[in-house]
Amino acid sequence: MKALKASHRSGALLGMVALTALATGVSCATASASVAPDSQASHSYRHGVVPTIQAKAAQAKATPNAPAVGNTLIYGGGIDGIGVTSGKPKVYIIFYGTQWGTSSTDTNGNLKFTNDTAGGAPRVQQMFKGLGTGSEKWSGVMTQYCDGSLVSAGATSCSASAAHVGYPTGGGTLAGVWYDNAAAAPSAASAAQLASEAIKGAGHFGNTTAASNRYAQYVVFSAKGANPDHYKTGGFCAWHDYNKDAGVSSPYGDIAFTNLPYLLDVGASCGKNFVNSGTAGNLDGFTIVEGHEYSETITDQNPAGGWTASSGQENADECAWISSGQGASANVSMGNGSYPMQSTWSNDTNRCDISHVTVT
């Protein structure tokens, strides 16, 4: 969702209507004037911003019993010819800066780091390896959306012959990982610095043409202790965008990227134990939040040329931090395990769904 039209925090979970975040036991008392209920509004580059649970609760409290708004997603007509990821999604993860510590490889072939003893980095890698495997149906929700010449701006559905979001067949979506330890990352990287890091990553992976980046997205993953875009006091957990919206030019075509902070630094505010309890739920926020941004990137790759609601929200924004009932976050079974994920908006069922048949 391009909830942050004036803030590059794409993918923020801010735009949910009356979610039941309070059921998680997180107090709303910590939400203050410095954490606006709609922190997405502060910067145009923050699309699909995932709000903290407190910010979402404060939003609901500020507008109790608010009239329902249109949730239906509408096609934006594309930007630079790009609306959705109408091909197999490719995800590249950039571990940003020396703050990650010393790297090595675990038994699953994932990068792990000495300053990530909780295992957030391997968990995100495993989730992306699992997408599209084991007949998982979470990815199916996004395949109903499309772009190209066979869909007009303002459309709310897609013909069968249009180019739809690709299902990640053939062994997951993870296309590459890179530890950029040439220098320390900024303590509070700006949107422009994050976009520049994503472009640098594209060059590292050899994606040096617009065609090679057409179905790619780059996750700029910051280490423990970092505060990218001042997320710790901004009332959000992550966002997505593309380079031009962040004010940075690219020699490799348009570059879609996500700002993914080290979410355990803020604990339950960004999803710790949201689905699972005890140590089993320590890393819930990493897959819920990054899944949110991934799903919004593939349905709105160059915000807001893809699919957004009249409110400006993207598909995952509308379904953020639902803890019970239809669309509640849950463990999704994949070929290499199960991962807590959130639901996303489905136009054809008119609700938040965590599973859907694949539209081809």
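Start at Cys270: its relative accessibility is 1%, so this cysteine counts as buried. The model is a predicted one. Cys270 has a bonded partner, Cys237. The two sulfur atoms sit 2.1 Å apart and form a disulfide. The cut-off for calling such a pair is within 2.5 Å. Cys237 has a relative accessibility of 0%, so Cys237 is buried as well.

Now place this pair on the chain. Cys237 belongs to strand S10, which covers residues 236-242. Cys270 lies in the loop between strand S11 (256-260) and helix H5 (284-299). The two cysteines are 33 residues apart, and their bond links distant parts of the chain.

How many disulfides does a search of the whole structure find? The count is 3. A disulfide is a covalent bond between the sulfur atoms of two cysteines.

Go next to Cys146 and Cys158. Their sulfur atoms are 2.0 Å apart, and they form a disulfide. Cys146 lies in strand S6 (residues 146-147), while Cys158 is in the loop between S6 and strand S7 (163-164). The pair therefore ties together parts that are 12 residues apart in sequence. This link has -95° about the S-S bond and is left-handed.

Cys146 has a relative accessible area of 0%, so Cys146 is buried. Cys158 has a relative accessible area of 22%, so it is partly exposed. The reasoning rests on the cut-offs: buried means under 20%, and exposed means over 50%.

One more pair remains to be described. Cys319 and Cys352 form a disulfide, with 2.1 Å between their sulfur atoms. The angle about the S-S bond is -90°, and this link is left-handed. Which elements hold the two cysteines? Cys319 is in the loop between strand S12 (307-308) and strand S13 (330-334). Cys352 is in strand S16, made of residues 351-353. Cys319 and Cys352 are both buried.

Finally, look at the order of pairing. Count the bonded cysteines along the chain, and the disulfides follow the pattern 1-2, 3-4, 5-6.

Key. Residues are numbered from 1 along each chain as its sequence is written. This is a predicted model: local features need pLDDT of at least 70, side-chain atom pairs count only at pLDDT 80 or more; totals for chains, interfaces and linings use all residues. Side-chain values use heavy atoms; hydrogens and water are left out. Helices (H or I, at least four residues) and strands (E, at least two) are DSSP runs, numbered from the N terminus. Buried means under 20% relative accessible area, exposed over 50%, partly exposed in between (1.4 Å probe, protein chains only).
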